[in-house]
Amino acid sequence: MSSLPRAPVAIVAAMHEELSALLAQMPDEQRVRVAGRDFWVGHLQGQPVVAVLSRIGKVAAAVTATVLIERFGVRAIVFTGVAGGLAPGVKVGDVVVATELLQHDMDASPLFPKHEVPLMGMARFAADAAIGNALAAVAADVLRDPVALVGQQAVDEFSLRQPGVHRGLLVSGDRFVSTTAESEALQRELPDALAVEMEGAAMAQVCQDYGVPFAAMRTISDRADDAAHGDFARFVVEVASRYSLALVGAWLATLPAQDAGSGAAT
Ligand code: ADE
């Protein structure tokens, strides 16, 4: 009996630096260019993957997700990136693994309730629980030793004391939230939102349409307040990219080995 190669998992990065860190660990990546994007087909931790940069914003994320599903037949999409912390206690250096995602700038009221995606009858898109739980478990494990993960200098520079892992609502919109006033308004409107970013809920919507499992994990780079632009670029290089690689790698390593004869990298 012959076994078919398993469909790849998509690993979607929000920033160039995160994608580069992933590609450096892929021994056999092949570039496929679609819709002006480079999709990197290969293996990570022996698992077939397609790694790609989402680009920024909801439309870019939706296009990326659609191509991953239609052209590459991915069996799940995992998004890794950074986000601004909203809820009290969600601090820089923590990780948020989404249980559900919502577009905070979707508002077709009074025709539809605020945040509801018209004609879908829903505002909140559930993330895949099994993948999310597995990501949260590896995150808790990996973050136990932040110095081993990012080095003492980055720990000191960004005050990464005992990074936490949170599970809950992630909200997305086409806006970098960088004022305390806007952050507070979001917290008032969506009190259970843990963090804000610019892509996740759009990808979750596409995955809902296609019935493809979706998970999102975000490293908190800022508090979405007046100081949010601070050391963003350096944080991505020194902290978020290392978190992404460690977490995605550790999660992929928990998946069953690729079927024999499928050409998996060793
Ligand atoms: N990604 C990282 N920080 C963010 C913020 N403050 N707003 C939106 N997206 C973000």
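Here is a short walk through the cores and pockets of this predicted model.

Let's begin inside the protein. In soluble globular proteins, nonpolar side chains tend to be buried together. Here the largest nonpolar core has 83 residues, and L68, I77, L101, F214 and W251 have the most contacts inside it. Helix α8, spanning residues 232–254, gives the most to this core, with 10 residues. Another core, of 10 residues, lies apart from the largest one, and its members include V171, V177, L190 and A193.

Now for the empty space. Rolling a probe the size of a water molecule over the atoms shows where such space is left. The largest pocket holds about 220 Å³. Its lining comprises 18 residues, with V82, F176, E197, M198 and F232 nearest the centre. Strands β5 (76–85), β9 (193–197) and β10 (214–222) are the elements that give two or more residues to this lining. By class, the lining of the largest pocket divides into 11 nonpolar, two polar and five charged residues.

Among the residues lining it are H16, L19, R33, D38, W40 and R55. Two or more lining residues come from each of α1 (16–23), β3 (37–44) and β4 (47–53), and α1 gives the most, with four. In this second lining you will find five nonpolar, three polar and four charged residues.

How values were computed:
Residues numbered from 1 in each chain as written. Predicted model: local features only at pLDDT ≥ 70, side-chain atom pairs only at ≥ 80, totals over all residues. Heavy atoms only, no water. 1 Å grid on protein atoms, 1.4 Å probe; cavity = no way out; pocket = protein on both sides within 12 Å on 5 of 7 lines; lining within 4 Å. Points joined across faces, edges and corners; volume = space filled by probe spheres on them. Nonpolar A, V, L, I, M, F, W, Y, C, P; charged D, E, K, R; others polar. Core = buried A, V, L, I, M, F, W, Y, C linked by side-chain atoms within 4.5 Å. Buried < 20%, exposed > 50% of the residue type's maximum accessible area, 1.4 Å probe, protein only.
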